[in-house]
Amino acid sequence: MTSLQLINVNLQQSTNATAHRTRDYDTTELVARRGQGISLLITFNRTIQSGDGLTFTVETGPRPSESNNTRAVMALSSSGSRTSWSAVRGNSSGNSLTVTINSPVTAVIARYRLNLQITSGGRTSSSNLGTFVLLFNPWASGDAVYLENEAEKNEYVMNETGVIFYGSSSTLRARPWDFGQFEEDILDITLKILDGSIDYRRDPKKEVTLRHDPVHVGRVLSAMINSQNDYGIIVGNWSGDYTGGERPTKWNGSTDILRQWKNNGPVRFGQCWVYAGVLCTVLRCLGIPTRVITNFASAHDTDENLTIDRYFDKDGGESEETADSIWNFHVWNESWFVRSDIGSAYDGWQVLDATPQEPSKGIYRLGPCSVKAVKEGDVDLEYDAPFVFAEMNADVIDWLVSPDKSKNKISSNARSVGRLTSTKAVNSNERVDVTNNYKYAEGKDLVFNCGQFLSVRKVL
């Protein structure tokens, strides 16, 4: 009998894109979400016989291996698996066969190469069937980013436009922002950003393996959106002199920034809302539910003592010793995923911030920090919880510095920081106040753990 030979493979991009909710991606490549089957239509030179063997392989990253979950080998079978890669035989018609490639909900997020090995008539042949991109899946129960509410998935994953709040607590305004996560090139650029990270350059094999986890992916992207330690996206500038670049207020969307970075390197200039808008784009692009958060009267605690200390001389002038500050507003992101690293009690919204304020383990990035941990005062947990806690809750303490350098407390204000914390409403551009997600109402005593001691403070 003639050996079985591959004639054609149809990745059925349109059918799969509809099933995986990826039709909006402006690309000719198949884009799928993990935990769902990918349907292929394969045509051979004849019908498959009992002696024919079909084995599918998916690979990603440098030096792919099964032990690192960057390679999977799947013999064609009659049933699939939810916990591992599998290739399931479907209907056949003439010389054509439908095959479903199943991925686990813990699969690495990446571009995969798909290959087929045919064993027939004593011969073995291999064929490259093409590539596909696999994303997080907030529709799949068991995925770390699973989000039950359909309206929220449509808002925080699928919506390409929104508003970002700015100004001050007394003059609150909204700025339109085009996230454009499905536009041409944006998915490719997002994957390129991951490959540009310090973690990838240090150990690419290990870094790709970690991309199954939104904790890791979010942390990498929060570092890469700023250009402080790497060849990241945006150069920050708060000086008022924007010579050699664009004023941060010029930007009204993410796609121009991302394309400029792809073509020319770090983009000049941005401030907090620009960092947050671009980070929201790439996170949504990968399937991680994400929203933009604005905190008014946001504290910047440089020494992680959970207070904002301001020093004044006898004439009322502020001393150079003052390092802490309060921003009239600051913008960050929240992404929705589980926290297997610190415990399920902290699942849900996680703070990610790309604005380069303070280093986190040597690199300018922030998060992911559980919003629930901030509210409960569990500031000993990863990542950067003391900084976020202070942004929302720090007491502002004024000190008088005497000529002999001694310091005397003048006043303390526990009410001025962390006000009108805001995000866009689901299905509208209205403002939603989420301050209570971060701290309790006025008058509650909160015991917070900072790793070395317990302290009690009145949360206002």
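**Exercise 1. The fold as a whole**

Among contacts in the chain between residues at least 6 apart in sequence, what percentage join residues at least 24 apart? Then describe the chain's secondary structure and burial.

*Solution.* Keep in mind that this is a predicted model. Start with the contacts: 63% of those between residues at least 6 apart link residues at least 24 apart. Next, go through the secondary structure, where you will find 11 helices and 26 strands. Now turn to burial: the chain has 460 residues, and 53% of them count as buried.

**Exercise 2. Cis peptide bonds**

Locate two cis peptide bonds, one between Arg268 and Phe269 and one between Gly367 and Pro368, and place each within the secondary structure.

*Solution.* Begin with omega, which is about 10 degrees for the Arg268 and Phe269 bond and about 0 degrees for the Gly367 and Pro368 bond. Then look at the strands: Phe269 belongs to strand 13, residues 267–270, while Pro368 sits in strand 20, residues 366–370. As background, most peptide bonds are trans.

**Exercise 3. Positive phi**

Lys361 and Asp384 both have a positive phi. Is each one buried or exposed?

*Solution.* First, Lys361: its phi is about 55 degrees, and the residue lies in the loop between strand 18 (359–360) and strand 19 (363–364). Lys361 counts as exposed because its relative accessibility is 60%, and the cut-off is over 50%.

Second, Asp384: here phi is about 65 degrees, in the loop between helix 9 (371–376) and helix 10 (385–393). With a relative accessible area of 16%, Asp384 is buried, the cut-off being under 20%.

Conventions: Residues numbered from 1 in each chain as written. Predicted model: local features only at pLDDT ≥ 70, side-chain atom pairs only at ≥ 80, totals over all residues. Heavy atoms only, no water. Helix = DSSP H or I, 4+ residues; strand = E, 2+ residues; numbered from the N terminus. Buried < 20%, exposed > 50% of the residue type's maximum accessible area, 1.4 Å probe, protein only. Contact = heavy atoms within 4.5 Å.
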